[in-house]
Amino acid sequence: MSTFSRRGFLKTAALLAAATAVPSVMARGRGKDARALKLKDRKIPVIDTYDVIVAGGGPAGCAAAAAAAAEGSRVLLIEASGALGGLGTSGMVPAWCPFTDGEKIIYRGLAEKVFRQAKKGVPHEPDDKYDWVTINPEYLIGVYDRLVTGAGADILFFARVAAVEMASDDTVDAIIVADKSGLTAYRPRVIVDATGDGDICAWAGARYLKGDADGVLQKSTLCFSVANVNTQAYLTGPELHTSHNPDSASAQAARTGRYPLLDTHCCHNLVGPGVVQFNANHIEIKDTTDPAQLSEAMLSGRRTAEQHLEMLREFRPDAFRDAFVVKTAVIPGIRDSRRIIGDYLFTGDDWRARKSFDDEIGRNCYFIDIHKTGVPHVHYNRGESHGIPYRCLTPAGLRNVISAGRCISADDEAYGSLRVMPPCLVTGEAAGVAARIASLSATPDSHAVDVSELRTRLRERGQYFL
């Protein structure tokens, strides 16, 4: 292990402070009037043995790490928590978004592999069901563990990227990681930013979009599960989803005005006997990259879960009279954050045109699902989908970084379709294979990746595109 003399490290002081700050401090000292601490010049250890480092262990990060490792790269996956899987596991999202276009599975390759393995954790789901399939979050953690380690990648849990060091304006020299051992600099050949928020790209100077034209973000949700439910009553009683039942329990509760934390959003799935998992209600977060706002969202989300159960006991006592909240998610369900501007910006018009691309690395058919009041859903017809261009994964102005998952290049409308887990798995696998190809160059450059070679390898790995 060598050491790293941080040439421009002082400029990252605020980021490093954020990595170790407590919520009470975060709530006070931010913005242009915040006090600053000048860090003393010192050296930190350097690890330079990896070809590819993936930051963020959600669906996109897991797919990227597994793909790059399987292609032959030495890979490290860095995850801030102690479990892989992101919103499907730690975030407790209760169901997969549809894997088919109504006729066939279109999210293939590693996405389909993960999906089929995860289905083994919900044996009550029909074998031929591929849309809105329930997720058993604990079982899915194991699926991702086996996917990544089975491909030969290393995993570093409880570690967070806190800053970046630039070799030049367009090349990242090292990422600074904070964990229980302190600060360590990692110097790979290629970095995949699968942080969900595009942290590495943004800190490296890439341009990004956030929210709509007015800067308004989609609403978030803290998912949770309820146990000791009367399963028979739950399955045979009135539907809880307001879109399927305008007189649902949530709709009735909203009319009373007695449940101020709740709204009528209520997705739900039976995870196992007596256990129902909810993706319900909304939390408004003005800036999903502000730790103080995220902290308050977690507190509010847990209060919301308890209030939701109180509501169910009133309006669906047959199923929920003796139930209790058994678990709330340990990360918030963020639907909107930074979108890193790439060599191509995928738009809502592209989505409506069902557009295909010469450099597409996968397909997507999920509807435009924007969680804002009054914004309608827009759906495709059966058998329709659009291509996902590789250029949406290549951050403009950065050479050795590839984005994947929720932070790829899209406008706010198209983002309502691309932000969910199946396309995140697809872009993650493509990013991993592209990272492997780029890492073999004397000067790694994601923009110079041979797209024909990338698409050939993805097809050989089972991915579907036109």
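Biologist: How do the axes of H3 and H5 lie to each other?

Modeller: The axes of H3 and H5 come within 7 Å and cross at roughly 25°. Axes are lines fitted to C-alpha atoms, for helices over the stretch in contact, with angles from 0 to 180 degrees between N-to-C directions. This is a predicted model: local features need pLDDT of at least 70, side-chain atom pairs need pLDDT 80 or more, and totals for chains, interfaces and linings use all residues. Residues are numbered from 1 along each chain as its sequence is written, and side-chain values use heavy atoms, without hydrogens and water.

Biologist: What makes H3 roughly parallel to H5?

Modeller: The crossing angle is roughly 25°. Angles under 35 degrees count as roughly parallel, over 145 as roughly antiparallel, 65 to 115 as roughly perpendicular and the rest as oblique. Therefore H3 is roughly parallel to H5.

Biologist: Which residues of H3 and H5 meet?

Modeller: From H3 come Pro59, Cys62, Ala65, Ala66, Ala69 and Ala70. They meet Tyr144, Leu147, Val148 and Ala151 of H5. Contact means heavy atoms within 4.5 Å.

Biologist: What is the span of helix H3, and what is expected?

Modeller: H3 (residues 59–70) has 12 residues and reaches 16 Å from its first C-alpha to its last. The expected span is 1.5 Å times one less than the number of residues. For H3 that expectation is 16 Å, and the helix comes close to it. Helices (H or I, at least four residues) and strands (E, at least two) are DSSP runs, numbered from the N terminus.

Biologist: Why is Thr89 called buried?

Modeller: Its relative accessibility is 4%. Buried means under 20% relative accessible area, exposed over 50%, partly exposed in between (1.4 Å probe, protein chains only). So Thr89 counts as buried. It sits in the loop between strand E4 (75–78) and helix H4 (110–119). Thr89 touches Leu84, Pro137, Leu140, Ile141 and Tyr144, leaving out residues up to four places away in sequence.

Biologist: How many residues of H3 are buried, and what covers them?

Modeller: In H3, 11 of 12 residues are buried. The cover includes strand E3 (52–55), E4, H4, helix H5 (137–151), strand E9 (190–193) and H13.

Biologist: What makes a nonpolar core, and how many residues has the largest?

Modeller: A core is a set of buried Ala, Val, Leu, Ile, Met, Phe, Trp, Tyr and Cys residues joined through side-chain atoms within 4.5 Å. The largest has 85 residues, and Trp96 and Tyr144 are among those with the most contacts inside it. Helix H13 (residues 421–439) gives the largest share, 11 residues.
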